[in-house]
Amino acid sequence: MLYIDCPYCGKRAHDEFTYIGDATKKRPDGAEKNDPAWVDYVYTRDNPRGPHLELWHHSLGCREVVKVLRNILTHEILGCGRPADDIPLPEAETKP
């Protein structure tokens with residue numbers, strides 16, 4: 001069982017949360033009419049090996065969005081915070 005430390009209501013089991021997506025993607029400016037930028041934002045995803053920043057929705061709790069740093073290989077939760085928080089991303093493993 002994974003536990004996510006929600007910054008609003010404390011440590012909770014991960015099944016109270018719903019995965020939203022990659023927290024490293026930056027939404028293009030709304031006035032921008034640059035199709036490749038939007039295609040990249042909507043469809044292109046990295047597949048990192050190791051730590052990854054993700055957004056989770058506490059759907060069975062406070063209903064807030066939480067930023068989670070999770071190791072993709074081990075599923076270890078390395079850090080949690082609010083979406084605006086700066087959670088430092090450690091170096092990803094490069095060897096298989």
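Author: A residue is called buried under 20% relative accessible area, exposed over 50%, and partly exposed in between. The model discussed here is predicted.

Reader: Which residue forms a salt bridge with Lys25?

Author: Asp40 does, and the closest N and O atoms are 3.5 Å apart. This pair links distant parts of the chain: Lys25 is in the loop between strand S3 (18–22) and H1, Asp40 is in helix H1, and 15 residues separate them.

Reader: How many salt bridges does the count come to?

Author: The count comes to 3. Another one joins the side chains of Arg70 and Glu54, at 2.7 Å from N to O. Here too the pair links distant parts of the chain, with Arg70 in strand S5 and Glu54 in strand S4, 16 residues apart. Both Arg70 and Glu54 are buried. There is also a salt bridge between the side chains of Arg12 and Glu16, at 3.9 Å from N to O. Arg12 is partly exposed, with a relative accessible area of 30%.

Reader: In which sense do S4 and S5 pair?

Author: Strand S4, residues 51–57, pairs with S5 in the antiparallel sense over 7 bridges. In this pairing Trp56 stands opposite Val66 in S5. S5 also pairs with strand S6, residues 77–81, in the antiparallel sense over 4 bridges. The partner of Arg70 in S6 is Ile77.

Reader: Is S5 largely enclosed or largely open to the outside?

Author: S5 is largely enclosed by the rest of the structure, because 6 of its 7 residues are buried.

Reader: How should I read a nonpolar core?

Author: In soluble globular proteins, nonpolar side chains tend to be buried together. In this model the largest nonpolar core has 6 residues: Ile4, Cys6, Phe17, Trp56, Val66 and Val68. Strand S1 (3–6) and strand S5 (65–71) are the elements that give two or more residues to this core.

Reader: Which residues does Cys6 touch, not counting those up to four places away in sequence?

Author: Cys6 touches Lys11, Phe17, His58, Cys62 and Val66. Of these, Phe17 and Val66 are core members with Cys6.

Reader: Where is His58 placed, and is His58 buried or exposed?

Author: His58 is in the loop between S4 and S5. His58 is buried, with a relative accessible area of 0%. Leaving aside neighbours within four places in sequence, His58 is in contact with Cys6, Cys9, Arg12, Glu16, Phe17, Arg63 and Glu64. Two residues in that list, Arg12 and Glu16, are the ones that meet in a salt bridge.

Reader: What should I look for in the backbone angles?

Author: Most residues other than glycine have a negative phi, and most peptide bonds are trans. Arg63 has a positive phi of about 65° although it is not a glycine. Arg63 lies in the loop between S4 and S5, and counts as exposed at 54% relative accessibility.

Reader: What phi does His75 take in the hairpin of S5 and S6?

Author: His75 takes a positive phi near 65°, in a hairpin with 5 residues between the strands. His75 is partly exposed, with a relative accessible area of 40%.

Reader: Which residues make a nonpolar surface patch?

Author: Val39, Val42 and Tyr43 make a patch of about 330 Å². Val42 is in helix H1, residues 35–43, and is partly exposed at a relative accessible area of 45%.

Methods:
Residues numbered from 1 in each chain as written. Predicted model: local features only at pLDDT ≥ 70, side-chain atom pairs only at ≥ 80, totals over all residues. Heavy atoms only, no water. Core = buried A, V, L, I, M, F, W, Y, C linked by side-chain atoms within 4.5 Å. Buried < 20%, exposed > 50% of the residue type's maximum accessible area, 1.4 Å probe, protein only. Contact = heavy atoms within 4.5 Å. Pairing = 2+ DSSP bridges. Patch = residues over 30% accessible without salt bridge, like charges linked within 9 Å, V, L, I, M, F, W, Y side chains within 5 Å. Areas by Shrake-Rupley, 256 points an atom, 1.4 Å probe, with all protein chains shown as cover. Salt bridge = Lys/Arg side-chain N within 4 Å of Asp/Glu carboxyl O.
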